[in-house]
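Here's a structure to walk through together. Have a look at it before reading on.

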Amino acid sequence: MPRLKLALKDNQRFLIRSFSIIVLGLFINQLLQTVGSIILARVLDDPGKFGEVNLLLQVFGMVTLFLNVGFTSSLVYTFSTQAKEAIQSKLRLALLGSVFFAVVLSLLLTILAPILSNAYKLPELKGALIMSSVMLVFNSIINIGVSSFSGSRDFKTQAFFMVVSTIFSTSGTLLGVLWPLGSNSVLWGVSFWMGVGAILAAAYICWKVEKEHHPVWWGPISLKELKEMMKYGVPLWAGTIAKAFQQPFMLMMIGSSSVIAVGYLTNAIRITGFIGIVTWAFMIVTFPFVAESSRDLAESKRRGTLCIRYNNLILYPLTLIICLYPNQINGFLFGNSYTSSDSAVYIRLLALGVLFSSVGRLGGNILAGIGKTKANFWVMVVAGIFVVAIVPFIVTYNPVWSVWVYTGGWAFSALSMIWFFYLEGFPLNWWKAYGEPLIPTLVMGVFMVVSGFTGPFMTSFLIIAVASLLVLTLLVEMNTLKTPNFRSFRGKS
């Protein structure tokens, strides 16, 4: 029994340490993107132009979701379970397959560029998208390189890669605005400089992969192995598309009627992205963390529950704060000219969307860690089907309705994810995962709501609210560790 207790503490330390590294990288990423958007908004000082640039970024973001065809997920799983095989053959095959599909996708984007340009009535969008298509190949290489370090649980290097890539892409966006190509073609400039950034990032990451992993770059090409990798990875790839395409799709639909609304929503995405990095960090850590114990389902359940619990201890209070003070945060970051009567609704709905989506996203990675991948796909389809089926028909009437549909889809997908855990015979400890972490946030929320009625004492009540959150979080965690049920949950008899 003492050995189990020690192993538990080691797992706990590993999870917190790995999460801290990844969340720091993601926070820097989000901070760089937000600072880039702030500079962009203030340099342009034009909601229309600001919306056009963000529309280009959203279209390109949508296309990049289709990269890699599951080879990244398969590579992470192989590095987590069979590292030697990954170095000898799987990394090479994953890179080859990813680059092939990236070339196909870039050709498809080139063909669709004139159609999209006409649809949005932006002539310069055509050339910008054609230039952007070159980036797809290099982004595909970047993704494979990052996945190799994720699978080997070298999260420090992975986080550094993400920051490097973001620095190059954000710098490219700003350079495109400051030094546009041709006759003041801002969109062309953004595409060109982002492409240069992608090439530099890919070259650096490939050098780092060679230095650290020493993979076998040349060797036989096995179609059978490629098919096996795709068999595992495609459901996860499809699930990633299903869970990530809603925002760019919604913005692309809204952009057909109002580029100004695209700018407002982009700002809301930047704000809520800061709480989204919590779940994103746990997703990165959870997959190899659970996969490592996939042969022991009881231990995998414990690890999965622990990941969700810690995610919620952080995500709950951050979501509440954003929902209580949306316009204050928006005005401080982007300026009052980018704050409309609907901006608070956008931010609140997107924040709730992040919260609901965390159920399916983390749950999908937990099940994928034990080799069950179908839930990752179908749960995300549930989330996206409402956006695809309803948003195109209501977007011209009111963009806010579209965001309501988006958030509702994620709420429904959260229920579906819990059902899938029972379907796979792998239910978690729901009270430990979702119930107990809510208690400190509810108490903090009461103090924050009351503070709005206290006039000059508002600051004091806000300090008390944050202090109560911290104290109660520690008390709940300490009390849980002492209870017999939690000791049983942790694997003790």
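This is a predicted model: local features need pLDDT of at least 70, side-chain atom pairs count only at pLDDT 80 or more; totals for chains, interfaces and linings use all residues.

Residues are numbered from 1 along each chain as its sequence is written, and side-chain values use heavy atoms, with hydrogens and water left out.

Let's begin with the cores. A nonpolar core here is a set of buried Ala, Val, Leu, Ile, Met, Phe, Trp, Tyr and Cys residues joined through side-chain atoms within 4.5 Å, and buried means under 20% relative accessible area, with exposed over 50% and partly exposed in between (1.4 Å probe, protein chains only). The largest such core has 107 residues, and Ile22, Leu350, Met417 and Phe421 have the most contacts inside it. Its top contributor is helix α10 (residues 259-291), which gives 17 residues; helices are DSSP runs of H or I with at least four residues, numbered from the N terminus. There's also a second, separate core of 21 residues, and Leu91, Ile141, Phe161 and Ala201 are among them.

Back to Leu350 for a moment. Leaving aside residues up to four places away in sequence, Leu350 touches Gln247, Met250, Leu265, Ala268, Ile269, Thr272, Val403, Tyr406 and Thr407, where contact means heavy atoms within 4.5 Å.

The structure holds 3 cavities of 30 Å³ or more. A cavity is a set of points on a 1 Å grid over the protein atoms alone where a 1.4 Å probe fits but cannot get out, and lining residues have an atom within 4 Å of a point. Which residues line the second largest cavity? They are Leu91, Leu95, Ile141, Ile144, Gly145, Ile205, Cys206, Val209 and Trp217. Helices α4 (83-120), α5 (123-151) and α7 (186-213) each give two or more residues to that lining.

Finally, some single spots. Ser416 lies in helix α15 (residues 399-423) and counts as buried because its relative accessibility is 14%. Beyond its sequence neighbours up to four places away, Ser416 touches Val379 and Val382. Asn398 sits in the loop between α14 (374-394) and α15, and counts as partly exposed at 22% relative accessibility.

Key. On a 1 Å grid over the protein atoms alone, a cavity is a set of points where a 1.4 Å probe fits but cannot get out, and a pocket is an open set with protein on both sides within 12 Å along at least five of seven lines; lining residues have an atom within 4 Å of a point. Grid points are joined across faces, edges and corners, and a volume is the space filled by probe spheres set on the points.
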